[in-house]
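User: I would like to learn how to read some features of a protein model, one at a time. Please give me the general idea and then the case in hand.

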Amino acid sequence: MFSASIMLQILACALYSNWWPMLSALMYVVVPMPCLFFGGGSTQFLTSRDGGGWIDAAKFLTGASAVGSLAIPIILRHADMIETGAMFIEFTSFFIFVCTVLCFHRANLEDEW
């Protein structure tokens, strides 16, 4: 699923001969960083009610980077830097990426794996 998401990113760029949509692929790198740095590589902290300075900062940074993944294509389209089709391909890519993360989170919750 992750490979399909990256393929759609590249396709959004190649079909419209414009590489600005690749800017949102940078967010795919930024989204898991708070989980790796503050959550110990586990996604458990995202659904817990436990707080604290670093946990709250990690939740905020994860949410902000996820919103940035949607905002970048919208801003680029508003500035007429990308076409509408490229923006919708970016949204589809983001949806597949989110499904991938949710599947990973679900598999990570089960101790049998």
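Analyst: Phenylalanine 88 is partly exposed, as its relative accessible area is 47%; buried means under 20%, exposed over 50% and partly exposed in between, with a 1.4 Å probe and protein chains only. This is a predicted model, in which local features need pLDDT of at least 70, side-chain atom pairs count only at pLDDT 80 or more, and totals for chains, interfaces and linings use all residues. Residues are numbered from 1 along each chain as its sequence is written, and side-chain values use heavy atoms, with hydrogens and water left out.

User: How many of the residues are buried, as a percentage, in the whole protein? And how many helices and strands are there?

Analyst: Of the 113 residues, 30% count as buried. The protein has 6 helices and 0 strands, and the order of elements from the N terminus is α-α-α-α-α-α. Helices (H or I, at least four residues) and strands (E, at least two) are DSSP runs, numbered from the N terminus.

User: How do I read the packing of two helices? At what angle do H1 and H6 pack?

Analyst: Two packed helices are described by the angle between their axes and the distance between the axes. H1 and H6 have their axes 8 Å apart, at an angle of about 170 degrees. The axes are lines fitted to C-alpha atoms, for helices over the stretch in contact, and the angles run from 0 to 180 degrees between N-to-C directions. H1 and H6 are therefore roughly antiparallel (under 35 degrees is roughly parallel, over 145 roughly antiparallel, 65 to 115 roughly perpendicular and the rest oblique).

User: Which residues make the contact of H1 with H6?

Analyst: From H1 they are Phe2, Ser5, Leu8, Gln9, Ala12 and Leu15, and from H6 they are Ala86, Ile89, Glu90, Thr92, Ser93, Ile96, Phe97 and Thr100. Contact means heavy atoms within 4.5 Å. The contact of H1 with H6 has 8 nonpolar, 5 polar and 1 charged residues; Ala, Val, Leu, Ile, Met, Phe, Trp, Tyr, Cys and Pro count as nonpolar, Asp, Glu, Lys and Arg as charged, and the others, Gly among them, as polar.

User: Take one residue of that contact. Where does serine 5 lie, and what does it touch?

Analyst: Serine 5 belongs to helix H1, residues 2–15. It is buried, because its relative accessible area is 0%. Apart from neighbours within four places in sequence, serine 5 contacts Tyr28, Ser93, Ile96 and Phe97. Isoleucine 96 in turn touches Met1, Ser5 and Leu8, residues up to four places away in sequence not being counted.

User: How are ring pairs read? How many aromatic pairs are found?

Analyst: Rings of Phe, Tyr and Trp (its six-membered ring) pair if their centres lie within 6.5 Å; planes under 30 degrees apart count as stacked, over 60 as edge-to-face and the rest as tilted. The whole structure has 3 aromatic pairs. Tyrosine 28 and phenylalanine 97 are stacked, at 4.3 Å centre to centre with 10 degrees between the planes. This pair links distant parts of the chain, tyrosine 28 being in helix H2 and phenylalanine 97 in helix H6, 69 residues apart. Tyrosine 28 is buried at 7% relative accessibility, and phenylalanine 97 is buried with a relative accessible area of 7%. The pair of phenylalanine 88 and phenylalanine 91 is edge-to-face, because the ring centres are 6.2 Å apart and the planes at 70 degrees. Both lie in helix H6, 3 residues apart, about one turn of the helix. Phe2, Tyr28 and Phe97 form one aromatic cluster.

User: And the cysteines? How many disulfides does the structure hold?

Analyst: A disulfide is a covalent bond between the sulfur atoms of two cysteines. The structure holds 0 disulfides, by the criterion of a pair of cysteine sulfur atoms within 2.5 Å. For cysteine 99, the nearest cysteine sulfur is that of cysteine 103, 6.6 Å away. Cysteine 99 is partly exposed at 24% relative accessibility, whereas cysteine 13 is buried at 0%.

User: Last, the backbone. What is the phi of serine 17, and of aspartate 80?

Analyst: Most residues other than glycine have a negative phi, and most peptide bonds are trans. Serine 17 has a positive phi of about 50 degrees, although it is not a glycine. It sits in the loop between H1 and helix H2 (25–30) and is exposed, with a relative accessible area of 66%. Aspartate 80 has a positive phi near 60 degrees. Its place is the loop between helix H5 (53–78) and helix H6 (84–109), and aspartate 80 is exposed at 60%.
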